[in-house]
Amino acid sequence: RMKDMASMSGPMGSFYANMPDEVLLTVNGNNSIFTAILADDHAEIAYGIDVVLNYEEDIKVIGKFSSKEELYKWLKSNELDILMLDIRMPQIQDGLDACKYVVSNYPLIKVIIYSGFESPFWMQKMLDLGAKGFLPKGSTPEVIANAIREVRNGRSYLPDYILEKLRVQAQKTKSITKLSSRELDLLKLLALGKNNAQAAQELHVANSTVSSHLKSIRLKTGK
């Protein structure tokens, strides 16, 4: 495949033509012990990662897909070790569905989230569904390859700053779960722009009750 690319005209043909012979031989060999696949709605990103990973002796990209439907169809007749999956493909729900489907139906496949969308809430959702790692878009080739190896060997891969984001999110979630239903109702009204008096009227309580609820919320959340 790489030799075919070397025959292309233009800058990309020159790029592949100038690759060392040993790289061409390694990529085309049958000694790859890992396989990686990309499911991303941006074709140029999938292509770039494909090129990067083909320099690795033990990693081979065997498929690239732009929709979960294409991926599902392909998995019926192909084996896979690693799935690199975007959260938004193109919608968040597509990423969630794909992660859940693969983990449920192909438990030997390990999922790594590869995305520029770094919402702690959605990252935790993907991890809860069974994803084994997260790679931000823009990761260096070395980081991507090492993450694939880590996950393939049964470990998880999360950058330190992602772990910190998830820790903070977990603390917020824990604080919210401590709130009563009445306190949550009050927060919703305040988030809509209601002042204390308006919130009291909506909740059919005295202003002093709203003040008490706010005091309780601050104690529980540390805000």
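Here is a short walk through this structure, from the whole fold down to one helix and a few charged pairs.

The model is predicted, so local features need pLDDT of at least 70 and side-chain atom pairs count only at pLDDT 80 or more, while totals for chains, interfaces and linings use all residues. Residues are numbered from 1 along each chain as its sequence is written, and side-chain values use heavy atoms, with hydrogens and water left out.

Let's start with the overall picture. The protein has 12 helices and 5 strands; helices (H or I, at least four residues) and strands (E, at least two) are DSSP runs, numbered from the N terminus. Of its 223 residues, 39% are buried. Buried means under 20% relative accessible area, exposed over 50%, and partly exposed in between (1.4 Å probe, protein chains only).

Now look at helix H12, residues 207-221. Its buried residues are Val-210, His-213, Leu-214, Ser-216 and Ile-217. They cover an arc of only 165 degrees around the axis, which puts them on the same side of H12; the arc is that of the directions from the helix axis to the C-beta atoms. Lys-215 and Leu-219, on the other side, are exposed.

Next come the salt bridges, 11 in the whole structure. Each is a side-chain nitrogen of Lys or Arg within 4 Å of a carboxyl oxygen of Asp or Glu. One joins Asp-50 and Lys-64 (2.9 Å, N to O), linking helix H4 to strand E2, 14 residues apart. Asp-50 is buried, at 1% relative accessible area, whereas Lys-64 is partly exposed, at 36%.
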